[in-house]
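User: I have a structure open and I'd like to go through parts of it. Can we start with how the strands are arranged?
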Amino acid sequence: TNPLFSKLEDAHARGSAKDGYLRTETYEAFKKMCAAAKADGVELIIISATRNFDSQKRIWENKWEGRTIVEGINLTTVKDPKERARLILLYSSMPTTSRHHWGTDMDLNNLNNDYFSTGEGLKIYQWLTAHAVEYGFCQPYTSKEGGRTGYEEEKWHWSYLPLSGEFLEAYKKRVTYKDINGFKGAEAARPMAVVKNYVEGV
């Protein structure tokens, strides 16, 4: 165990996140936010938290090798590596480039934007957009209408800004394309300018 990280309690997590971790400062802020949301009749559940290189590699390569369908497409039919990477990068990061590596970011409740457009999902999203900032959280991947680059909007993805802001600046200074390797499709990272267009596309 790492003293900088805390294991998620079952009450706050679902699915694979039940064995998950977050940076302790992030998790403490989430617990306060979760309690405030509950008082307003909103349940916040973490469905994905910190992901190491190997878990991100598994997500990426499952899509790269066609085990997970992307946008209705088995990507083994897409021969151009840049185009194959572009399709995965709609919603998934290359290993080494994911904010989930940092322990500051989490996915909440549902991995579908449509869920947050009506009913219970809309209530959750409206609460988060109104109150998450009070606890240090922001939605990094917002609508792209204002010209934001990179991933599509993710209404489920929330980041603890007091730490993730620092980590993003450190990432830009320290990580180079030589570091982005060790997985299928890594050769597309530089031509896709994933650091500028995706890591910094917030």
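User: How do strands E3 and E4 pair?
Analyst: In this predicted model, strand E3 (residues 46–48) and E4 pair in the antiparallel sense, over two bridges. Serine 48 has aspartate 107, in E4, as its bridge partner.

User: And how many bridges join E4 to strand E6?
Analyst: Three bridges join E4 to E6 (residues 157–160), and these strands run antiparallel. Aspartate 105 stands opposite serine 159 in E6.

User: What about E5 and E6, over how many bridges do they pair?
Analyst: Two bridges, again in the antiparallel sense. Phenylalanine 137 stands opposite tyrosine 160 in E6.

User: So in what order do the four strands form the sheet?
Analyst: The order is E3-E4-E6-E5, with antiparallel pairing, and the sheet is open. Its edge strands are E3 and E5 (137–138), each of which pairs on one side only.

User: Back to E4. Which residues point one way from it, and which the other way?
Analyst: Asp105 and Asp107 point one way from E4 (residues 105–108), while Met106 and Leu108 point the other way.

User: Are those buried or exposed?
Analyst: All of them are buried.

User: New topic: helix H2. What span should its 12 residues have?
Analyst: At 1.5 Å a residue, helix H2 (residues 53–64) should span 16 Å. The C-alpha atoms at its ends are 16 Å apart, so the two values agree.

User: Which residues in H2 are buried?
Analyst: Ser55, Gln56, Trp60, Glu61, Lys63 and Trp64 are buried.

User: Why would residues three or four places apart in an α-helix point the same way?
Analyst: Because an α-helix has 3.6 residues a turn.

User: OK, and what do the buried residues of H2 pack against?
Analyst: They pack against helix H3 (81–88).

User: What caps the N-terminal end of H2?
Analyst: Asparagine 52 does, with a side-chain oxygen 3.2 Å from the backbone nitrogen of aspartate 54. After H2 comes glycine 66, whose phi is positive, near 80°.

User: Last one, valine 202. Where is it found?
Analyst: Valine 202 is in the segment after helix H6 (194–199).

User: Is valine 202 buried, exposed or partly exposed?
Analyst: Valine 202 has a relative accessible area of 45%, so it counts as partly exposed.

User: Which residues is valine 202 in contact with, leaving aside its neighbours within four places in sequence?
Analyst: Those are Arg99, Pro140, Tyr141, Arg148 and Leu168.

User: And how far apart are valine 202 and aspartate 10?
Analyst: They are 192 residues apart in sequence and 30 Å apart in space, C-alpha to C-alpha.

Definitions and conventions. Residues numbered from 1 in each chain as written. Predicted model: local features only at pLDDT ≥ 70, side-chain atom pairs only at ≥ 80, totals over all residues. Heavy atoms only, no water. Buried < 20%, exposed > 50% of the residue type's maximum accessible area, 1.4 Å probe, protein only. Contact = heavy atoms within 4.5 Å. Pairing = 2+ DSSP bridges. Expected span 1.5 Å × (residues − 1). Polar contact = N/O pair within 3.5 Å; in protein donor to acceptor, adjacent residues only side chain to side chain.
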